[in-house]
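Here are my notes for a first look at this one. Have the model open while you read.

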Amino acid sequence: MGRTWAIIEREMRRFRRSPVLIAIAMVMPLVQLVVLGYAFGGNVKHLKLAIVDQDRSVPAVKVRELAAAIASGARTIDTLEYTDPGAALTDLRNGKVNGVLTIPPEFSRRVLERADPKVALIEDNTDNFVSSALAATLSGMLASYNQPPKASRIPGQATLDIVEVYPYVAYIQYLLPGSVVMSIFMMVMIGGGIIFIDDKNRGLHEGYLVTPITKFELIAGFNISGTVKAVIAGAFLMTIGSLIAGIPDPFNVMRMFRLFVVIVVTAFALISLMFLLMVRVSDPLLPRAVFGVLNTLLYFPSGAVYPQQGFPGWMQAIAVVDPFTYAVHAFKNLLLKNTGFEAISYDLGFLLLFSVVAMTAATALFKRTL
Amino acid sequence: MIAIDVQQIVKKFGEFTAVNGVSFAVPEGEIFGLLGPNGAGKSTLIRMLVTLLPPTAGTALVNGFDVIKQADDVRRSIGVIPQAMTSDLELSVEENLIIFAKLYGVPRAKRVKLIAELLQAVELTQWRDAQVKNLSGGMRRRVEIARGLVHEPRIFFLDEPTTGLDPVSRVAVWEMLGKIKSERNLTILITTHYMDEADKLCDRIAIVDHGELKALDSPLKLKASIPGKNVLEATFSATPPGWEERLKQLPDVETVSGEDNIFRLKSQNGPATTLALMEMAARSGVTVHSLSVQSTTLDDVFVHYTGRALRDALQEANPREGAFALRRG
């Protein structure tokens, strides 16, 4: 084991003297967490809505007043009055407005006759987020419009009561598990894969292969040191990320212990994957080329930024074998729900099995000679 | 006692034969050189002896251990300086030595003492805490020499140790190797494409070309084994027909070779041949554009045994370098 420790010592000494590596692996995922978390997590506001009132009677005025109330209250929309529907449509196509609410001439008559009154929302649907927000806002507005002046004390229609088990989860908190796994992965790929291949290309490995170190000792040394570096990155992002994202009670001792276990297991699974991919590679361009593709292929199907239930079949198939999926799931349970080990036992089991299979295959492929 | 015993060793890469049935033996305490151009098979040969490459056929014993069946024992008893600089650039000089001492299982107390001695031997004591990336090429090579000796091996393998170094650093490395060898009674096997290095350092030299051993003996005996003590190289203006035959008739000339108007004469008496050549050229109205006279070198030995000059072989092996040199010239 002394020789294994020598390799670990060598790797950690080099790591300590690589501030750029440390910065990239730890700071970049943090920046991504903050930027993505706030870029996607907010509510859409100040959407420009053109209102073309061709009716001008009391029921139509009520619609316009409700729209103005939303504009001054929730500020989801900013209303703009148009007299010419043609001009409103032109501005919609030119992007000056996000939607056109048209109140047709017969609207008030149909309201009074209870004869299927309609208002029309013409929207720019090239942006799903905006068009969904606009449709939802105006649907809610019309639901308020349709409320009777006096509601009965006991409602006669079925209603939905929503009960949330956990406190509100901001999107940045939802993103945190994926960011932790990302930081572990970045450290593994840069600090493990890229540097490993660069050293091999420089001939550095020859210096070790001529010593009495065994294949097992060399592999153990590289992988344990890679795991340690990845754990440091993951723990850093977990701690700072929890504070930035506002995770409640971030320093709960038992939760910190469980999180640490998942970080270690995840780091070992990812370093095993890296080693398997790089064990026979000599070209230093290859890990650089592969890194970006692998990043995308592992991160997005894992459910880190969007629920997997929304994915097509082929992407769900990737998610099944993707170690990121299980790591993200485990971190979500621990961070957002504060569960125990029983809720993440399947995830830990998969990650451990994945590590064993990947490392066994990598060891078999590793050549003790040039 | 024989430190290195190589018998008919072969290495093939697919259809290509890099080393073809080479045999030699190196007694303890000798500095043995493998001289040849790049691509001759020297590095492949040394990599087989240090267990980096398995031979395709043949056997090799290093310190009495078989390089295939007893690879670990071989590794424990040898020190190796590969061709590439393999020190960790981010680590300090001392850290590099510590890590390697641990890889060889050198106990702590002995390690501390040995490292101090080695740093002094390679004159890097004041640089022990400097990161290797901040050292010059010559100093880095000295770090590697110290690193290769940190476990007190009996045999030291060096693969082109001065390639890429400036002339002053090369001389420094030679002196260091000579001093270390005499202090520690090491057996050293060194590969090189520098004639002067082989000539200066080695007790015996094996000339290697296209994977085969062409000649093996001490530098002195190798030079004596080829015709002629001196080599004259002469360039003439337009020469009359039969000029080469007439050159062969000059006193003490053993062989003549050449084409166009450039001729190479091997002579037992350079000055006498020179005088006769000048007189003959004057009588024949042939202008001598240039004439050089030198003692037999290892390059001449190389030409004799391989049919081409070492510098031409180097150019063949590195066409881009040659083209660059031509553009610069």
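1. Start with chain A, which splits into domain 1 (2-40 + 169-365) and domain 2 (43-143); the bounds come from an automatic or database domain assignment. The C-alpha centres of domain 1 of chain A and domain 2 of chain A are 49 Å apart.

2. A word on what you're looking at: this is a predicted model, where local features need pLDDT of at least 70, side-chain atom pairs count only at pLDDT 80 or more, and totals for chains, interfaces and linings use all residues. Residues are numbered from 1 along each chain as its sequence is written, while chains are lettered from A and ligands numbered from 1 in the order in which they are written.

3. Now turn to where the chains meet: 21 residues of chain A are in contact with 22 residues of chain B (C-beta atoms, placed from the backbone, within 7 Å). On chain A's side, α1 (2-16) and α8 (204-209) each supply at least two residues (helices are DSSP runs of H or I, at least four residues, numbered from the N terminus; strands are runs of E, at least two). The largest share, seven residues, comes from α1(A).

4. What is that side of chain A made of, by class? It has seven nonpolar, six polar and eight charged residues. Here Ala, Val, Leu, Ile, Met, Phe, Trp, Tyr, Cys and Pro count as nonpolar, Asp, Glu, Lys and Arg as charged, and the others, Gly among them, as polar.

Key:
Two residues are in contact if their C-beta atoms, placed from the backbone, lie within 7 Å.
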